[in-house]
Number of protein chains: 2
Amino acid sequence: MLASFRSDLPAASGTWQPPPEYSFVGGHNDAASVPFSGLAEALVNALRREGSNLAYYNLGGSPLGYRPLREFVASQLGARAGIQGGPDQVLMVSGSLQALDLVNNAMLTPGDTVLVEQATYGGMVSRIERMGVNHVGIELDNGGIVLDHLRSVLDELRTQDISPRYLYTIPTVQNPTGSVMPLDRRRALLGLAREYSLPIFEDECYADLTWGCERPLSLRALDGDGGQVIYCGSFSKSIAPALRVGYVIADEPVIRQLLALKTDAGTGSLEQLALAEYCPSNFTEHVDRLMYTLRTKADAMVAAVRSEFGDNVQVTEPMGGIYVWLTFPAGTNTDALALAANQAGIEFNPGSGWSSDHEWGKRRLRLCFGAPDLDTIRGGVAALAQVYRASL
Amino acid sequence: MLASFRSDLPAASGTWQPPPEYSFVGGHNDAASVPFSGLAEALVNALRREGSNLAYYNLGGSPLGYRPLREFVASQLGARAGIQGGPDQVLMVSGSLQALDLVNNAMLTPGDTVLVEQATYGGMVSRIERMGVNHVGIELDNGGIVLDHLRSVLDELRTQDISPRYLYTIPTVQNPTGSVMPLDRRRALLGLAREYSLPIFEDECYADLTWGCERPLSLRALDGDGGQVIYCGSFSKSIAPALRVGYVIADEPVIRQLLALKTDAGTGSLEQLALAEYCPSNFTEHVDRLMYTLRTKADAMVAAVRSEFGDNVQVTEPMGGIYVWLTFPAGTNTDALALAANQAGIEFNPGSGWSSDHEWGKRRLRLCFGAPDLDTIRGGVAALAQVYRASL
């Protein structure tokens with residue numbers, strides 16, 4: 001191979017292998033729930049009406065994304081999360097991972113510091129580290145970020161003359177803990193962020209799948225015209241992850257700055273057309289049905305963990321989403337457990353990668369339950385418990 | 001706005017405006033030729049068969065992309081461009097712009113030097129400059145890169161101890177000149193690149209639209225197992241630009257390194273499914289029909305330029321694609337002409353942005369003819385000539 005690469009690249013990907021029998025990783029969803037017939041019908045209708053516009057980048061419209069879909073996102077988030085604002089505050093992106101990359105590329109420089117939740121989305125931790133940016137984890141309880149700890153971290157950083165570039169938070173169906181931050185804490189968090197001039201990057205990827213309580217107003221909604229919050233979300237969890245369609249909501253100057261960094265000549269039009277046509281009449285009913293299915297799986301997962309692991313594991317019933325977060329006794333090493341589990345055809349996310357303090361995460365792990373059926377959930381948790389007991 | 005951005009960002013995007021009456025920019029295509037009914041039918045069939053796989057990232061398969069589409073790309077490029085190799089040497093990307101970004105991110109560090117054609121794709125010039133990388137333009141004639149000049153540049157750089165990281169070339173339907181490099185020059189270019197250990201980044205985005213001659217074997221094909229060439233292509237020009245589907249072809253270690261940098265969780269599945277289902281039976285016939293239409297537009301564009309501008313402009317009939325490249329007398333400033341033309345409802349690409357030496361490009365410009373109809377082509381060129389004469 002002649003091509004010579006930079007010396008600081010991540011390791012090359014290995015050869016792809018199909019998932020093992022018991023796969024509890026990744027944001028996959030319930031296969032039987034994917035509304036593919038509805039999406040197909042919607043797309044046929046949309047193409048019959050305006051298929052020739054595929055000849056133009058962005059269907060001949062704004063690079064912010066297909067306008068009817070931005071209108072749906074704006075109105076849906078108005079209704080569900082209380083966010084005010086029109087389609088020009090919405091940037092459609094190629095999956096919410098692109099939202100993370102755009103915001104990071106716009107705001108972060110190597111050596112910067114950001115705040116994250118002590119347990120948080122692993123893909124964000126790896127992104128931040130790859131950029132040479134420091135992250136500090138804020139403690140979580142059942143209601144999300146512990147504000148006293150946040151304040152003490154901000155005070156401590158201030159003595160070092162460090163202004164964190166943002167706080168990244170997943171307040172609704174927190175990843176991986178599955179908690180939902182109550183409304184009063186959201187108001188207090190926003191007040192604290194204003195007091196310290198701390199921008200908030202709010203990720204509500206899973207918020208459409210909230211069943212354990214009423215979905216609270218988002219931080220972005222509570223902020224009103226404050227300009228304190230950049231918000232992102234996705235259709236991956238509510239419709240299908242193989243569609244690569246997410247969105248950023250922010251003030252227009254922010255949206256236009258992010259757009260200048262979005263150099264992919266637009267997000268896929270077939271997917272935007274299909275969603276824009278399907279969602280207005282079908283989104284709510286579909287998501288309600290999907291949540292029923294996911295809740296059944298969540299209940300089965302939590303019951304299996306409790307029955308198989310007993311007192312060895314703490315687990316909390318998730319308020320929505322597709323994952324549970326397990327805490328083992330001190331001294332447990334879930335990185336090692338993952339290796340042993342792989343030998344037994346089981347995969348899960350070790351907690352170290354899902355934590356700001358990797359050491360803190362070592363006695364924890366995440367199990368995803370969106371894709372596996374009930375028998376696989378029960379069989380896989382039993383098999384994992386067997387591997388765990390053998391490791392003691 | 002509280003969010004504070006890095007100080008080195010490109011300017012925020014302006015508010016989107018619809019195109020003017022005479023729009024001759026962008027890779028748009030002929031609207032009447034988009035096979036949207038065929039794509040819709042194909043997608044319905046594919047979803048009926050495997051729609052529930054949308055529940056999984058990458059449809060449950062390899063992150064390289066949907067395997068039947070990678071197989072089509074491999075076999076199609078075998079037949080059309082002589083490239084040998086199977087689907088594991090194909091990485092599907094979210095438009096070929098992502099291919100440019102992946103290769104650049106893998107190979108380039110600020111301060112590096114790359115070689116480009118003296119007139120080349122503007123989006124590549126801006127990417128390279130944004131990365132703080134130097135580019136040196138190699139002279140072109142009607143057969144593409146002038147090899148004597150390439151050798152003298154390589155020798156000159158060698159005296160400065162500079163090894164260019166790659167040569168970026170568009171040998172087939174060169175953007176913007178529309179030339180096709182003959183086979184014997186391709187062989188000689190490859191020999192020179194081997195002699196100087198110069199990796200080649202071959203962009204054949206427009207090569208499916210070659211009508212002025214037989215499409216020659218690609219550099220990647222001629223290289224065989226040499227590992228000298230990374231190749232990219234796209235469905236944007238052959239099917240529709242609003243689909244964001246392109247591909248990289250390279251040796252497997254290169255593909256796996258690029259994949260490790262592709263952090264978007266996969267390219268859109270609806271678009272990959274539609275293409276994989278549509279293309280095997282329809283691609284060749286569709287592209288043949290499309291080329292007939294584009295050639296008619298190219299002829300009209302060249303005839304209009306010659307008749308309206310006469311001796312004031314040199315223009316060459318393109319061998320394919322969707323653009324022509326105009327050279328004006330010394331002293332012309334097409335940046336200024338563009339501003340005046342915009343006032344008259346005309347847009348084109350000034351040559352400065354499409355050239356490694358921006359000053360050299362100032363007497364040149366690019367006109368795209370894929371999207372406008374014949375009347376718009378004729379009317380727009382006449383209107384542009386009027387603006388030009390008024391500027392003299």
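Which exposed residues does the face of H11(B) turned away from its buried side carry? I looked, and they are B:Asp375, B:Arg389 and B:Ala390.

**Ground rules.** I am working on a predicted model, where local features need pLDDT of at least 70, side-chain atom pairs count only at pLDDT 80 or more, and totals for chains, interfaces and linings use all residues. Residues are numbered from 1 along each chain as its sequence is written, while chains are lettered from A and ligands numbered from 1 in the order in which they are written.

**Helix H11 of chain B.** I took helices (H or I, at least four residues) and strands (E, at least two) as DSSP runs, numbered from the N terminus. H11(B) covers residues 374–391. I checked its length against the expected span, which is 1.5 Å times one less than the number of residues. Its 18 residues should span 26 Å, and the end C-alpha atoms are 26 Å apart, so the two agree.

I then listed the buried residues of H11(B): B:Ile377, B:Gly380, B:Val381 and B:Leu384. They cover an arc of only 100° around the axis, so they sit on the same side of H11(B). The arc is taken from the directions from the helix axis to the C-beta atoms. An α-helix has 3.6 residues a turn, so residues three or four places apart point the same way. For burial I used C-beta atoms placed from the backbone: 20 or more others within 10 Å is buried, 12 or fewer is exposed, and in between is partly exposed.

What do the buried residues of H11(B) pack against? I found strand S1 (22–23), helix H9 (269–309), helix H10 (334–343) and strand S13 (346–347) of chain B. A contact here means C-beta atoms, placed from the backbone, within 7 Å.

**H2 against H9, chain B.** The axes of H2(B) (residues 67–81) and H9(B) come within 8 Å and cross at roughly 35°. I made the contact out to be B:Pro68, B:Leu69, B:Phe72 and B:Gln76 from H2(B), with B:Gln272, B:Leu275, B:Ala276, B:Cys279, B:Pro280 and B:Phe283 from H9(B). Axes are lines fitted to C-alpha atoms, for helices over the stretch in contact, with angles from 0 to 180 degrees between N-to-C directions.

**B:Ile138.** This residue lies in strand S4 (residues 134–138) of chain B. Beyond neighbours within four places in sequence, its contacts include B:Leu115, B:Ile145 and B:Val153.

I found a cis peptide bond joining A:Asn175 and A:Pro176, with omega about 20°. In chain B, the bond from B:Asn175 to B:Pro176 is cis, with omega near 15°. A:Pro176 is in the loop between strand S7 (167–169) and helix H6 (183–195) of chain A.

A:Val173 lies in the loop between S7 and H6 of chain A. Its phi is near 55°, positive in a residue other than glycine. Is A:Val173 buried or exposed? It counts as buried, because 27 C-beta neighbours lie inside 10 Å.

B:Leu59 has phi near 55°, again positive in a non-glycine residue. I placed B:Leu59 in the loop between helix H1 (36–50) and H2 of chain B.

**Chain A to chain B.** The contact takes 73 residues from chain A and 73 residues from chain B. On the side of chain A that touches chain B, H8(A) gives the most, with seven residues.

Notes. Contact = placed C-beta atoms within 7 Å.
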